[in-house]
Structures are given as C-alpha cells and as structure tokens.
Amino acid sequence: MTTRKSAENSGSRGGGRRRNGNGKSPQAPGADASAVPPARIARAVTSRNSSGPRIVRPRTTTPRAMLDDVARRREAAAAAAAAEATSTPSDKKKQATARAPKATHKTQGAKPRSRRPGTGSGSGGGAGGGGGRRGGGSSSGSPFGPWLQSLRARITPRRVGYWAAVIALWGGLGTTLLAFSWALELPDTRDLAVPARAPTVTILAHDGTVLARRGSGFAGAVDIDALPPYVAHAFIAIEDRRFYDHVGIDPLGIARAMVANLKAMDVVQGGSTITQQLAKNLFLTPERSLKRKVQETMLALWLESEYDKDELLTLYLNRVYFGAGAYGLEAASQRFFDKPATDLTVPEAAMLAGLVKAPSRLAPTNNPEGAQARANVVIDAMHRYGFLAGPDADTAAAFPAELAARASTETGYAVDWIEEQLADFVSASGRDMTVHTTLDPAMQMAAVGAIKSRLALSGEVSNVSQGALVAMTPDGAVRALVGGRNYRESQFNRATTALRQPGSAFKTFVYLTALERGMTPLTIRRDAPVRIGGYAPSNFRDSYEGDVSLMHALARSINTVAVRLTHEATPGSVARTARRMGITSELAPNLSLALGTSEVTLMELTSAYAPLANGGRGVIPHIITKVTLGLELDPQPTEGSKPSGRDGDLPLADEVVYEREGGGLGRVLTRTNVARMNAMLAYTVTNGTGRRAQIDRPAAGKTGTSQENRDAWFLGYTADLVAGVWVGNDDSSPMVEITGGRLPAEIWAGFMTAAHTGLPARPLPGDWEPPVAVAAAPQPVEVNATAPAYDPRFGPPGYTPDGYQRRAPKEDEEPGFFSRLFGSRNWAD
C-alpha cells in the first residue's frame, strides 16, 4: 500500500513540475490533465511532511522557454493581485466569477487548495498559471514597475549590512593610508626651540631710538611666569577658553564655531585651539587645505603629549604674529607700546590679544579704530569667562591703550626709502641687520604735522590732495622725509620718486649761471615782452616793469628776465650749472628750461640748494650712516664651547659692513657767488614772492609754480637746515589759486620754526651787501606787447652784445663829436 502511494505521488508531482511551451504539463497521449485527483496531490504533499519514507523527485530538464513562461506568469499574477487589492467588493465578485475554472466530475466536491498565483503543481498549477497570465496581460503599468519590485525583493537587511560593512572597511583603510602618507610629510620637530625665521632689519634714528623693525621682527622670548596673569588670560579668553581642558583639539569648540557660522551665514568663529595655531605657526604654511588641517591636528596631538600647557602657551606667545612685522609678544609690545611685555596693562594686553585674528587688517598702526574695537571684544570675553572682574573690565574699556609715538606710520616713507637703498650698501644676508640713519624723530613728527595740518585747513578749498617735504642738514644728511599726506592710504613716495615741474624754483640755477658770467645782483635787465624764434613767454600776471636789477627780477620771479639770461648764457650752460649743483634728472636744453619745465624730484631739488647753505660744497643726500650685521648664534654649540652673539654669555660686537665716510662732492661754487646768491634769495624771502616763509632767523629761498598751478614749491634754507616743500595732485589736476608763495611757503615756515626750536640764530654763508641801498622797483612802463622781436644777433633791446648797458642820451643833451660824425643809435629805444 505504501509503495503504491509513493509511486502515485511521485508521478503526480513529476507531472506537476513539467510543462511544455504552452504552459501545460506533458502527459501520455490521450491522457487528461484534470484526471489527477486533488486528493492524490494532497497525499503527496502530506507524505513529504510525514515521517514516512522520503520521496525522491525525478530530475527534469526545463527548457529556456518554459522558464520565461513561468516568469511571465508570476509577473501577471502579481499585477492581478495588485488590481484585486484596489477593486471594490462588487468588482472582486465579478472577477472571481470570470476567472473561476469549470469543475469536472472528478474535482466536484473537492476542497480547493490555496496556492500562490502561477505556482500550482500538476494540471491545476497549469490552469492557474494561465489565468494569471490572462489577468496580467491586460494591465498597463510603469515600465520600471517590475524592475523596482525585483530590486526591492533583492534589498534585504542582511545585504544592506554586508555592503555597509564592506564600504566602511575599505573607506577606513583608505583614510588610514592617506593619513599615514600625510604623516610621512610632516616637518622635522627637533628644532622646536629655535624655529627658522627671516632676518630682522632694525632701523635706528640718529639718536639711537628704534624707528622701525622690518623682517621677522622677533625681539626675544618671554616666560609666561614673568608676565602678569591677565596677559595670558586675554589670549585664552578670546582664542581658546577651554585651553586647559582639551588635548589639542576641541570638539565642543568646533561644534560651537559651526553653529555660530551657520547662524551668521559667514565665518565669524574658528574652531582651532591654541595648540593647533602653535602647530601651524611653527611647522606649517598658511595653506588652507584638508591635508594641512589633518597635519595640524596630528602635530597638535603630538605637542600636547610632549609639553605641558604652560610650556605650550609660552611657545605660542613667543611665535604668534601681531602685524607690523612683529613676531612674538615681546616684539609686539616694543613695536606698539615701546615697553617690555612684562609692563603691559590690561587694555594693552587686550589689544595685542585681539590682533591675532587678523594682524594685518587690525594692526593699530594701520587701523587704530578696528584694533580698539577688537580690544573691547577681548575685554568682554575676559569678563564673561571670569578672568576679569566687572569694575576692572569697565576701567579697561574706558581707558583704551595708547600707541607709542614712534609706533605710528609717520616714518613709513622714510623707512621705505631706507630699505630701497640698503641693496646699494650690503648684499643679501641671513643675519639680523641694524641700520643707523640720520633721521630725527622730532623733526619727522614736525614735518608730518606741518603737511597734515595745512592740507586739512586749505586742501579741500584749494583742490590740493597731496604734499611732500624733505629736510636735510647743509651737508646732505636727511633729517625728515614725508612722501605724502597719509602713508596708510598711499605708500607712493612723492618726495623721492615723483617727477614734477619745478617752475620758477629752477630760476636759481639761471641766476647762478649769470653770476658766473660776471654779472652781479645789481646788473640791470629789461622786463618786457620777449620773443626768441617761436618762443614768447610772458610774466605771471602779464605785467612788465621795465629795467630791473637781477636781485629784483629774482625776488619778483620775472619770467622775461630769466629767459633773456638763459638765452645769453645758452640753455646748455644753465643745465650744466644745475647738474653741478645736484640735479640728476634729465634736463631739456631749451629756453623753457629757465621756467622749470624739465621734471625733477623734490629730493634732488632740495639737495641742489644745499651748497648755498654750506658755503659752496656739493652734497649727496643720504640717510644711512652705518650698517651692522648681528652674529649668528649656534643653536647646538659643541661641547665645552660657549655660545656667542646677542643671546650668548659672551656678546661680541656686531660686524660693520658699511659706514659712511667723506663729506660730499667738493666745491661747486665760489664763495663770492655763494654770498651774492644768498643775498638775492634772502631778499626774495623778505621782499619778494617768499614773504610768507619768513621765520625768526636769517633764511633764503625761492618759490615755484608750474603751468596752470599744477605744482607749487618752496625751497629754502638757513645756516642749519635745508628744506623743500611740494604740494599738488597725483593726477596733475590744477589747484585753485595756489602758488609757491602761499601754501608751500606756509608749510615751510611752520616746519622750520619747529625744527629750529632751541637752536641759536646764525647768519647765512657770505657777507655780500650792495654798495648802495637797492632802489625801489621802478614804476611799470607802457610797452607794446605786439612789438617785433629783437634780433638775437645783437642781444635784447637796450643791451650790448656782451651784456653791458649803454647810457641812453638825455633829451636836452647835445650830441657829441662822434655822434655828429657817425650818427646816433639809441640802444634804450
């Protein structure tokens, strides 16, 4: 009995699994698929789960078309199931009636077996599969629907966990390898105590005070134990308030910074700790990249493992950059407040701590308002985090820090010029350098004050935006140099670089040439319209005075007389005189040279007046007197040797690489002509166009105004100081009613008065005096402005070809013998 049932079950299950291409189970000819009773199928399934003998299913070969048909049936069944789920009860009833199979006499009365659509076994499975295919064939869903269903079927929690683990494993491995490669590129940390730095250039005034430090600006180390507690607290409060609680990186600080930056939609806070900043300052470049940030984190963790917190804070304060070339707390304290770091006050410490965020932008020498505003933020942070009591915070905010006088940028133009000249005296060196200069801090401040105050008073009304001033001793040592109105706004040096037309200030060289040709201050020349070839200059106000002395013509800055003298001596002779006096710029040898049309710098024009103040010796303007190099300190001295240099036990003298010797170019003027020229230029100050330049001692000078009032000058001197002033606009736009005798003369007088404070009055070189009192200027004469030009072969009207005036006969004078014999030629007509 058992054997028969097994055979029957085997046959029915084998038949249920085999189908042909039409979806029907293969069978013997004439056999009916519905002839297999469901009871046999049930017995076969039951026998599989019973404890009876195991039923072995026969192996069948399934063609490809049969597999495709099974897949299509399953898809159709799924679509039909979805449609059934969304249909109404009435629709379900109609669908059930339409799809109900016709019962045969063999299946009537049998309980139908529940099975998944398209998965029935035997002949019943075949009919079910066909019905599923018919139901799904008419559905028109999305073309990606089956693919998405298949994908969802494949995505299981087990598979997701597997691939997540694979990705995490390979990602972690890659990150580890990348971090290891970056770690191999970390800099050497053995020289932490003596980090490499650029050499420092220290510039000293003539009295030994520090004018500026350029380069690395490292002034020495400070110990945190020697500082007032509030100095360290200021930096901790504003830079890393959890400094003593973290291990080099601060996740809470990073999160806090991210939240603040997201709220502000800008970078308003940073998450770097003091240790990370120290790592960056010591070993890394300012590059902003993921690689540098990872290396910074590695180095910060290493620093925390090697040094305690106080040592790290000491290293940080001695290496951080504060702006204006100052590296380290001591250098910044000396640079901005002219005091050691141990003497800093709370407002000063707060200002220095605030500079670390943006040292170049917030440097108090460039942005005092921004620096003070940042200092107030630091003071608030100190109070908020318990480092400063409320009354102390209020006092610090009410009395802000004040910069030392020499810490300002008032010497910026002079320092720039000094650095430009250094290359001419010393070669490049990796050692610290000290430059001794001739600059006088008091005169420099007086010069800056004179320029700023006068331009603030008259600049806007007169359309004057810039000014420059140069002052030097009679031997050419520069005492003050101002290259512009505001160094912070413009670093262009108008005193040493700008080429401008000097105007009538160049006439000094014209009259010097005339004196060297035998004329005197009392020589007479006619002020009248003049035309030489196609050149016909006119006077400033188109008025003419007739016959005038050279002294009067220079004092009144008469153009026609200067052009006549240049024509007589030739423009080339005038140019040679100017070059001998110190003019180095190119000079065009034409008649307009007499009126200052060739451009020069204020520095060279001022130095060209110096021989008149020193008795006739040519000078070379100079500001550097000595340059020394500091001795290098061996960071690892050999055993038994003692360190030497600035920081050693045995300080040695610096090496002198340059020291100025000699006096200048030698004599360029005779003493007689120096005396005569000084008398003429002194008369210009007392009775001529330079009257506004009068001061409380003998002085001489000359005004100058270029065409259309584009440039205005005053060049003057005493027995102790030579100074030149220029005002104008960078774009050469005309000024309004500004001449050399007005604003420049006023600036010159104000500066020279301050510069001579405490000095006794001394006479100018030479003692020339006119043999008789200089007569008053003659009354203006009526002239014919359209008169024909004189013949240059015979010289100007009223003069002999060799330059000496003939006496014109009086109206009632009888003609002489030779006049009656040869006729009369009246040169005065």
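From strand β1 (residues 200-204), T200, T202 and L204 point one way and V201 and I203 the other, and all of them are buried; buried means under 20% relative accessible area, with exposed over 50% and partly exposed in between, for a 1.4 Å probe and protein chains only. In a regular strand the side chains alternate between the two faces of the sheet. The model is predicted, so local features need pLDDT of at least 70 and side-chain atom pairs count only at pLDDT 80 or more, while totals for chains, interfaces and linings use all residues. Residues are numbered from 1 along each chain as its sequence is written, and side-chain values use heavy atoms, leaving out hydrogens and water.

Strands (E, at least two residues) and helices (H or I, at least four) are DSSP runs numbered from the N terminus. β1 pairs with β3 (residues 433-437) in the parallel sense over 4 bridges, where pairing requires at least two DSSP bridges. In this pairing, V201 stands opposite M433.

V435 touches V201, T202, I203 and L204, among others; contact means heavy atoms within 4.5 Å. V435 is also one of the residues with the most contacts inside the largest nonpolar core, which has 82 residues. Such a core is a set of buried Ala, Val, Leu, Ile, Met, Phe, Trp, Tyr and Cys residues joined through side-chain atoms within 4.5 Å. Helix α24 gives the most to this core, with 8 residues.

F509 and Y511 are likewise among the residues with the most contacts there, and both are buried residues of α20. Because 9 of the 10 residues of α20 (residues 507-516) are buried, this helix is largely enclosed by the rest of the structure. Its buried residues pack against elements including α24 (602-614) and β12 (700-705).

Conventions:
Lists of a residue's contacts leave out its neighbours within four places in sequence.
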